[in-house]
Amino acid sequence: MKPAPARIAYALVSVVGYSNALRMVDSSGRIPYPTGIARLVDLGWVATDAGKFGLGGVVVLGVALFAFTAWEVLGAALIFCGIGIATTVGASMVQDASGFSHSGMLSAVTLAGYVIGLLRDRSLPLLERRRAGWELATAGVAACYTLAAIAKLRSQGFAWGDGGSMSMLVEERRYYAVSAVSELRGLMATHPVVLGALGWYALVVELLAFTFMFPRTRFFFLVAVCLMHSGIGLLMGYHYLDWIILDSSIFLLSAPDATSR
Amino acid sequence: MFDAPFAWSKIAFFSAYVIATMIIGETFPFSPFAMYSDIGNRREGAVPYARIDGVAARLSDLDGFAGLDLESMRPNGLPVSLGNIVDQDMVMVRSGLASAPPPGARIHEVEYGYRIIKLDDGGTFTYDHVVRTRGIGWKFSP
């Protein structure tokens, strides 16, 4: 079965997540997405940078198996383990580690859901089994965002929408942006009411993440969460393009009328 | 909404992951994704900065360093929320530290510190700065 482009995109993004987890562990920072994707064709990267823990090649192999072959369960396992090792074992081995890295976590959770769904009923045709897998992956997406909302509520209750706290965060981040974005952040930092409203928007979107599990509401949540990530990237410099790609890919792959998954 | 395919399987997976994470905490593959939840009531912040020859710049503009004290670069009590930037700067300096610049290299004065930002009750920001360490830096190629 010819792989859907969204399936290939989903698999490739997990590599960037793995590499970012690796670089967060040793504090060398996140890599730009174009660089991360360009590195996929650079075998030297596999042998050196991402190969620090001898896993780079394993993850790339996992991506190839998952995206292009019927050995998708093995591929998913290789990706999952690669991200897991870079995230956890690596943190205990490297000096001045930044600690637990969340890069690649959404890939790992949705991969787990996909495999569980895929193996749920092996009597079904492959396309239907994969649909089951992607449907369960939507539950992984919903769970991750819901947990983020719960964390906010547990930390500060409904004071999360306090614009003053957001003002300091945005002001601090204006020094790490191009001039136009820096000016926008500086302007927004002096409007705590607007920032508070945006904070509430993010909290509400995350609390409604469960709607991603159901086909009728999936598109609306996708749009809302993409807007949320875009706003976070613009105002705070936290770019979760990989999460946007993962959410969008899963949306396309779980579509009822998809002819390729 | 609940007549969707695999509805109960999805609800079960969703519930299991959320509940397991709340019990287990931050252990792969479980995470409460609490990275930005603890904003708190912050009225003071500190942002790391670097100056090269007195001009605001990035340490990545240079390849080698001498004389900078790595431990002084740490926040050490300052209200820094950009710890990842400090980590990256320290990695950069540590990897480029040398006892002396290479022959013929153009030397630049390097200063590293923190910009202190305070927010008053009226919503106005005030600024100060603290210098943590000074040294020299250079590029390997012009």
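Buried means under 20% relative accessible area, exposed means over 50%, and partly exposed is in between, with a 1.4 Å probe and protein chains only. Keep that scale in mind. B:Glu71 is partly exposed, at a relative accessible area of 45%.

Some ground rules. This is a predicted model, where local features need pLDDT of at least 70, side-chain atom pairs count only at pLDDT 80 or more, and totals for chains, interfaces and linings use all residues. Residues are numbered from 1 along each chain as its sequence is written, chains are lettered from A and ligands numbered from 1 in the order in which they are written, and side-chain values use heavy atoms, with hydrogens and water left out.

Back to B:Glu71. Its side chain meets that of B:Arg74 in a salt bridge, 3.0 Å from N to O. By salt bridge I mean a side-chain nitrogen of Lys or Arg within 4 Å of a carboxyl oxygen of Asp or Glu. B:Arg74 is partly exposed too, at 23% relative accessibility.

Now the interface. How many residues of chain A are in contact with chain B? There are 68, and they meet 55 residues of chain B. Contact means heavy atoms within 4.5 Å. The area buried between the two chains is about 5100 Å². Carbon and sulfur atoms give 71% of that. Buried area here is the accessible area, 1.4 Å probe, that two parts lose on being put together, summed over both. Which three residues supply more of chain A's share than any other three? They are A:Leu147, A:Met168 and A:Tyr176, with 14% of the area that chain A buries against chain B.

Polar terms next. Across this interface the rule finds 7 residue pairs in polar contact, both residues at pLDDT 80 or more. A polar contact is a pair of N or O atoms within 3.5 Å; within protein, one must be able to donate a hydrogen and the other to accept it, and residues adjacent in sequence count only if both atoms are side-chain atoms.

Which helix gives the largest share of the side of chain A that touches chain B? Helix 8 of chain A, with 19 residues. Helices 5 (72–87), 7 (105–118), 8 (126–156), 9 (163–172) and 12 (215–236) of chain A each supply at least two residues of that side. Helices are DSSP runs of H or I, at least four residues; strands are runs of E, at least two; both are numbered from the N terminus. By class, the side has 33 nonpolar, 20 polar and 15 charged residues. Nonpolar covers Ala, Val, Leu, Ile, Met, Phe, Trp, Tyr, Cys and Pro; charged covers Asp, Glu, Lys and Arg; the others, Gly among them, are polar.

The interface has 1 salt bridge. B:Lys10 pairs with A:Glu135 at 2.6 Å, N to O.

Over all chains the count is 12 salt bridges. One of them joins A:Glu206 and A:Lys152, at 2.9 Å, N to O. That pair links distant parts of the chain: A:Glu206 sits in helix 11 (residues 192–207), A:Lys152 in helix 8, 54 residues apart. Are they buried or exposed? A:Glu206 is buried, and so is A:Lys152. Another joins A:Glu171 and A:Arg174, at 3.1 Å, N to O. A:Glu171 is buried at 1%, while A:Arg174 is partly exposed at 24%.

A:Cys226 is buried at 19%.

Last, backbone points in chain B. Most residues other than glycine have a negative phi, and most peptide bonds are trans. B:Phe28 and B:Pro29 are joined by a cis peptide bond, omega about 0 degrees. B:Pro29 lies in the loop between helix 1 (7–24) and strand 1 (44–52). B:Phe33 lies in the loop between helix 1 and strand 1. Its phi is positive, near 50 degrees, and B:Phe33 is buried at 5%. B:Asn76 also has a positive phi, about 45 degrees. B:Asn76 is exposed, at 55%.
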